[in-house]
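Hi everyone, thanks for making time this morning. I'd like to walk you through one structure, so let me put it up on the screen.

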Amino acid sequence: ETYIDRSNWDRANEEINVALSLAPDDPEVLRAYGYILEKQGKYRQALEAYLKAQELSPHLYYLYIRAGNLYIILKKGNEALAQFNKAVEVAPDLPMPYDALGWGYYQLQDLDRAEVELKKAIEIDPDYGPAYGHLGVVYYVQRKYEDAIPNLEKAIELGVKSVEYYYELGLSYVFLGLCEQALPWLEKALEIDPYSEPALWGLSQCQ
């Protein structure tokens with residue numbers, strides 16, 4: 001996994017093949033195998049690895065989230081939602097499955113259901129930053145800027161780093177005519193990505 005994160009595909013494949021030869025039915029080995037395939041864009045093969053791991057360890061919620069994300073990429077929305085719902089069923093007391101389900105609904109353009117599930121994640125864990133970020137995006141795309149702002153700010157406060165959150169937060173203030181509050185967030189977005197077109201556009205509007 002470390003090698004694939006460093007884009008050293010040859011060594012990653014070499015190491016995971018050794019792991020598979022030692023423990024071909026270990027769900028964590030299969031999860032890592034799926035992750036390595038996923039990072040290389042081999043989505044169908046990665047999905048097969050995650051599904052096999054699920055059969056061996058059906059109690060591991062994150063295997064369903066991984067598979068669901070791949071079904072989204074493969075444009076199989078119903079299958080994706082089934083996987084996310086299975087994650088919720090397996091781990092109903094954790095925020096991650098609800099966050100994944102909510103974000104899945106967002107990607108399938110069901111914004112109302114996305115909002116409901118993301119709020120459930122926050123109710124379970126008020127300090128789970130990713131759910132605030134995702135909820136902020138859901139509000140932002142609906143032009144509900146007053147609702148987007150506190151959620152995006154909370155996500156950032158909780159340590160979630162995303163250039164998208166910075167510029168969407170800044171642009172929310174721009175669209176509300178509050179350039180003084182917008183500028184710090186737009187500038188932070190540009191610190192991460194100096195060529196961020198949304199952030200540059202926001203600055204131009206304020207200038």
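Let's start with Gln40, which counts as buried because its relative accessibility is 13%; buried means under 20% relative accessible area, exposed over 50%, and partly exposed in between, with a 1.4 Å probe and protein chains only. Gln40 sits in the loop between helix 3 and helix 4 (43-56). Helices here are DSSP runs of H or I with at least four residues, numbered from the N terminus. Setting aside neighbours within four places in sequence, Gln40 is in contact with Ile4, Trp9 and Asn13, where contact means heavy atoms within 4.5 Å.

A quick word on what you are looking at. This is a predicted model, in which local features need pLDDT of at least 70 and side-chain atom pairs count only at pLDDT 80 or more, while totals for chains, interfaces and linings use all residues. Residues are numbered from 1 along each chain as its sequence is written, and side-chain values use heavy atoms, with hydrogens and water left out.

Now to helix 2. Which of its residues are buried? They are Ala12, Ile16 and Leu20. These residues cover an arc of only 65 degrees around the axis, which puts them on the same side of helix 2; the arc is that of the directions from the helix axis to the C-beta atoms. As a reminder, an α-helix has 3.6 residues a turn, so residues three or four places apart point the same way. On the other side of helix 2, you'll find Asp10, Ser21 and Leu22 exposed. The cover over the buried residues of helix 2 includes helix 1 (2-5) and helix 3 (27-39).

Next, the core. The largest nonpolar core has 69 residues, and Phe84, Tyr165, Leu169 and Leu186 touch the most other members. Helix 5 (residues 61-73) gives the most to this core, with eight residues. By nonpolar core I mean a set of buried Ala, Val, Leu, Ile, Met, Phe, Trp, Tyr and Cys residues joined through side-chain atoms within 4.5 Å. Take Phe84: beyond its neighbours within four places in sequence, its contacts include Tyr64, Ile65, Pro97 and Leu101.

On to the aromatics. How many aromatic pairs does the structure hold? There are six, counting rings of Phe, Tyr and Trp (its six-membered ring) whose centres lie within 6.5 Å, with planes under 30 degrees apart called stacked, over 60 edge-to-face and the rest tilted. Trp103 and Tyr106 are stacked, because their ring centres are 4.4 Å apart and their planes are at 15 degrees. Phe175 and Trp201 form a tilted pair, 5.8 Å centre to centre with 45 degrees between the planes. Phe175 lies in helix 11 (residues 163-175) and Trp201 in helix 13, so this pair ties together parts that are 26 residues apart in sequence. Phe175 and Trp201 also belong to one aromatic cluster with Tyr140 and Tyr145.

Last, the cysteines. Searching the whole structure turns up one disulfide, defined as a pair of cysteine sulfur atoms within 2.5 Å. Cys179 and Cys206 form it, with their sulfur atoms 2.2 Å apart. The pair links distant parts of the chain, since Cys179 is in helix 12 (residues 179-192) and Cys206 in helix 13 (residues 197-206), 27 residues apart. Cys179 counts as partly exposed because its relative accessibility is 25%, and Cys206 is also partly exposed, at 22%.

Definitions and conventions: Helices (H or I, at least four residues) and strands (E, at least two) are DSSP runs, numbered from the N terminus.
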